[in-house]
Amino acid sequence: MNPDPNQPRTANRHETGDLPAIEEHDLPQGRHQFHKERLMSQIHDDRRATARRNPFLRKAILLPAATALAGALAVGVLVLTPGGTQSPDDRATGPVLTTRIGTVDAHGAPRLLDRISLAAAEAEAPQGRAGQYVYIETRSAGTHVRTDANVSSLVTVPLHTRQSWRSPDGLKGWLIEPGTTGPEGMTLAGTDELGNVPTPHLGAPSHDYLATLPTDPDALLRKIYAETEGQGNGKDQQAFTTIGDLLVESWPSPRLTAALYRAAGKIPGVVTVDSATDAAGRKGVAVARLDEFGGQRTEWIFDSKTLALLGERTVQVNGNGDEDGLIKPGTVISTSAIMVRAFVDDIKVKP
């Protein structure tokens with residue numbers, strides 16, 4: 001369903017394209033609870049075994065069912081197929097996802113992020129009608145280690161489409177993701193694992209929550225450091241990861257997006273990478289940070305001409321990423337591409 005024609009169009013002038021056709025099926029009565037229970041069982045079984053070694057799985061599955069995806073600020077419809085280089089041959093391929101590792105510039109990040117911030121701030125302020133949902137469509141893939149009967153092997157999560165719908169308050173939503181929910185999808189409404197109504201926070205923001213975040217980069221970074229203290233592999237890496245999740249998994253306002261980029265430029269160890277390709281095969285430049293704990297580099301990929309955010313990936317660049325030595329340099333741990341972000345009128349409605 002199209003947005004209100006009286007509302008301003010969303011997309012930045014450099015972001016145009018077509019939505020892929022995706023079949024939908026109604027969810028039979030009672031099936032959503034089955035899928036939710038199956039997902040929670042998988043969370044319980046996999047959390048300890050895979051959360052550290054498999055950041056793709058951690059991002060895709062190990063969030064509480066009621067807060068797994070962010071609501072976001074948006075205007076109308078944004079379809080991301082920028083006019084940059086289309087490089088499907090550079091996309092991670094093979095039984096184990098591998099890629100070429102780009103060249104790092106240790107001093108280029110502040111200047112590039114300043115340009116990216118200025119470009120992001122030019123977007124129209126997001127607006128949506130009461131009662132609408134934020135629809136986010138991404139394409140994702142990844143690689144992780146699985147151990148069965150003390151035998152470890154690399155497992156590839158194949159390229160797939162992920163669709164989510166979230167209400168502005170974050171309390172209602174729907175998720176369709178092959179391998180996680182089944183073809184019918186599952187509800188994201190209800191309580192969390194402990195039976196509590198979820199409260200939006202940096203790790204699981206809502207439309208309303210994003211609107212409360214400071215847009216001063218220094219204040220924003222202080223808040224991120226304070227609220228993520230003790231998480232991840234060091235405060236700087238966790239701050240970079242948190243900002244990346246807000247940028248990719250939700251849709252902040254232009255002012256907040258610009259502030260997030262400027263805040264990222266203040267984090268020690270942030271670099272630029274001359275070449276990176278997202279899950280959809282779109283090639284660009286990247287802003288990145290190396291997690292020295294595991295030798296994995298997380299990269300935010302931007303169209304080199306328009307500076308639109310295309311997606312994110314994490315690549316093993318140093319040493320081996322697991323105790324079994326299976327994850328070699330060049331292995332793609334996770335990769336995602338932002339395809340569509342839009343306001344729609346109801347759950348399971350597409351732009």
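Helices α5 and α7 are roughly perpendicular to each other, a label for angles of 65 to 115 degrees, with under 35 called roughly parallel, over 145 roughly antiparallel and the rest oblique. Their axes come within 8 Å and cross at roughly 70 degrees. Axes here are lines fitted to C-alpha atoms, for helices over the stretch in contact, and angles run from 0 to 180 degrees between N-to-C directions.

Before I go on, a word on the model. It is predicted, so local features need pLDDT of at least 70 and side-chain atom pairs count only at pLDDT 80 or more, while totals for chains, interfaces and linings use all residues. Residues are numbered from 1 along each chain as its sequence is written, and side-chain values use heavy atoms, with hydrogens and water left out.

Back to α5 and α7. Which residues make the contact? From α5 come Pro217, Leu220, Leu221 and Ile224. From α7 come Leu256, Ala259, Leu260, Arg262 and Ala263. Contact means heavy atoms within 4.5 Å. By class, that is 8 nonpolar residues, no polar and 1 charged. Nonpolar covers Ala, Val, Leu, Ile, Met, Phe, Trp, Tyr, Cys and Pro; charged covers Asp, Glu, Lys and Arg; the others, Gly among them, are polar.

Now α7 has another partner, α3. These two pack at an angle of about 175 degrees, with axes 8 Å apart. They are therefore roughly antiparallel. On the α3 side, the contact includes Leu113, Ile116 and Ala120. On the α7 side, it includes Pro254, Thr257 and Tyr261. The contact of α3 with α7 has 9 nonpolar, 2 polar and 2 charged residues.

How enclosed is α7? 9 of its 11 residues are buried, so the helix is largely enclosed by the rest of the structure. Buried means under 20% relative accessible area, exposed over 50%, and partly exposed in between, with a 1.4 Å probe and protein chains only. Among the buried ones are Leu256, Ala259, Leu260 and Tyr261.

Let me step back to the whole chain. There are 7 helices and 11 strands. Helices (H or I, at least four residues) and strands (E, at least two) are DSSP runs, numbered from the N terminus. Of the 351 residues, 53% count as buried. Take contacts between residues at least 6 apart in sequence: 68% of them join residues at least 24 apart.

Next, the cores. A nonpolar core is a set of buried Ala, Val, Leu, Ile, Met, Phe, Trp, Tyr and Cys residues joined through side-chain atoms within 4.5 Å. The largest has 32 residues, and Ile243, Val287 and Trp300 touch the most other members. Elements that each supply at least two residues include α3, α5, α6, α7 and β9. What does Ile243 touch, not counting residues up to four places away in sequence? Ile224, Leu260, Ala263, Ala264, Ile267 and Trp300. Apart from this core lies another, of 12 residues, among them Tyr135, Trp165, Ile176 and Ala280.

On to the rings. There are 3 aromatic pairs. Rings of Phe, Tyr and Trp (its six-membered ring) pair if their centres lie within 6.5 Å; planes under 30 degrees apart are stacked, over 60 edge-to-face, and the rest tilted. Tyr135 and Trp165 have ring centres 5.1 Å apart and planes at 50 degrees, so that pair is tilted. Tyr135 lies in β3 and Trp165 in β4, so the pair ties together parts 30 residues apart in sequence. Tyr135 is buried, at 0% relative accessibility. Trp165 is buried too, at 0%.

Phe240 and Trp300 form a stacked pair, 4.1 Å centre to centre, with 0 degrees between the planes. Phe240 is in α6 and Trp300 in β9, so this pair ties together parts 60 residues apart in sequence. Both residues are buried.

Strand β3 also holds Thr138. Thr138 is buried, with a relative accessible area of 9%. Beyond its neighbours within four places in sequence, Thr138 contacts His160, Thr161, Arg162, Ala337, Ile338 and Met339.

Last, two loop residues. Ala149 sits in the loop between β3 and β4. Its phi is near 50 degrees, a positive value in a residue other than glycine. Leu307 is in the loop between β9 and β10, with phi near 65 degrees, again positive in a residue other than glycine. Buried or exposed? Ala149 is exposed, at 74% relative accessibility, whereas Leu307 is buried, at 10%.
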